[in-house]
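The sequence and structure come before the details.

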Amino acid sequence: MLIQLILDGLVNGMLYALVAVGLSLIWGVMDVINFAHGEFLMVAMYLSYWLGFLLNVDPLLSLVASGAFLFIVGALTYKLIISHTIGKSAMSALLATFGLSMVLKNVCLNRFSPNFRLLSDSWLTGKTMNLGGVLLPVPQLVTGIFALVVVAVVYVMVHRTRLGWAIQATAMDKEAAELMGINTEGIYVLVFGLGGACVGVAGGLMPSYMAVHPEVGTLFGLLAFVCVAMGGFGSIPGALLAALLIGLVESLCGFYIAPVFKYVAVFGLYLVVVMFRPKGFFGW
């Protein structure tokens with residue numbers, strides 16, 4: 001049972017990491033808190049659900065469409081909203097994205113109702129793997145594997161390519177980066193788009209095992225903030241480590257103590273970490 005709980009926690013943690021890594025990029029490079037990050041996930045899930053329901057496109061395929069669509073949504077969010085808050089109080093971007101989150105949530109509530117919707121005939125729905133008596137749901141496992149791949153690709157892109165070095169330079173000193181010939185405005189658009197694309201891939205896969213509704217992104221948005229703050233602002237390995245730790249705490253406390261206690265334990269852990277390490281595990 002302990003092995004089962006640990007594996008379940010790790011799989012959930014990998015999903016949290018995929019949702020958090022996009023927020024970590026945005027927060028680390030631009031020092032902007034995207035309060036609508038959870039609603040981006042919700043939009044991606046609705047897109048994947050309707051592609052599956054209306055056109056019979058499986059989430060394994062629609063994740064490409066949801067990732068591309070959320071890249072565009074992220075880039076447009078920067079151009080139309082965030083660009084007007086650069087150089088102003090940090091609260092400006094926070095309040096602007098809070099307004100965006102309310103708009104997205106209420107538009108979906110108006111158009112799709114508060115009903116829970118689930119794809120029941122996807123390629124992965126209901127399938128499990130038995131590994132020596134340990135059962136792993138295939139949809140969650142596939143989502144976790146995709147999450148690891150995407151997180152690894154983003155990490156390599158940021159730390160091993162010229163584009164990634166330009167992103168790091170912009171994060172460290174925008175004015176100096178501009179003097180070196182880096183198009184910092186283009187970097188900001190790209191980073192916001194990549195943040196949206198990461199959460200779009202996660203949302204594209206999730207309707208195969210999780211119900212879609214207008215409030216679905218709220219908890220994931222909060223957990224993404226916790227992952228980024230615990231891991232260290234802008235640190236991709238930190239966000240991954242924090243997400244895996246949160247998944248383990250959630251799984252173990254939910255079983256051994258009580259299901260209603262699991263998020264008390266998660267946010268309690270967050271408070272303990274920031275008390276002793278305010279900048280997170282890998283913050284500097």
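## Loop residues with positive phi

N56 sits in the loop that joins α2 and α3; helices (H or I, at least four residues) and strands (E, at least two) are DSSP runs, numbered from the N terminus. The model is predicted: local features need pLDDT of at least 70, side-chain atom pairs count only at pLDDT 80 or more, and totals for chains, interfaces and linings use all residues. Residues are numbered from 1 along each chain as its sequence is written, and side-chain values use heavy atoms, with hydrogens and water left out.

N56 is not glycine, yet its phi is positive, near 60°. Most residues other than glycine have a negative phi. With a relative accessible area of 62%, N56 is exposed; by relative accessible area, buried means under 20%, exposed over 50% and partly exposed in between (1.4 Å probe, protein chains only). S113, in the loop between α4 and β1 (128–131), also has a positive phi in a residue other than glycine, near 70°.

## Helix α4

Helix α4 covers residues 90–112, 23 residues in total. From its first C-alpha to its last it reaches 33 Å, close to the 33 Å expected at 1.5 Å a residue; the expected span is 1.5 Å times one less than the number of residues. S113 follows α4.

The buried residues of α4 are A93, T97, L100, S101, L104, K105 and C108. An α-helix has 3.6 residues a turn, so residues three or four places apart point the same way. The cover over the buried residues of α4 includes α2 (37–55), α3 (59–80) and α9 (216–231).

M206 is placed in the loop between α8 (184–205) and α9. This residue is buried, with a relative accessible area of 0%. Leaving out residues up to four places away in sequence, M206 touches L15, L41, M45 and F220, where contact means heavy atoms within 4.5 Å. The C-alpha atoms of M206 and P139 are separated by 8.0 Å, although the two residues are 67 residues apart along the chain.

The largest nonpolar core has 73 residues, and M30, L41, V154 and I246 have the most contacts inside it. Helix α1 (residues 2–30) gives the most to this core, with 15 residues. Such a core is a set of buried Ala, Val, Leu, Ile, Met, Phe, Trp, Tyr and Cys residues joined through side-chain atoms within 4.5 Å. Beyond its neighbours within four places in sequence, M30 is in contact with L25, Y78, I82, I86, Y188 and F192.

H37 lies in helix α2. This histidine counts as buried, at 1% relative accessibility. Not counting residues up to four places away in sequence, H37 touches V19, G22, L23, G195, V199 and A224.
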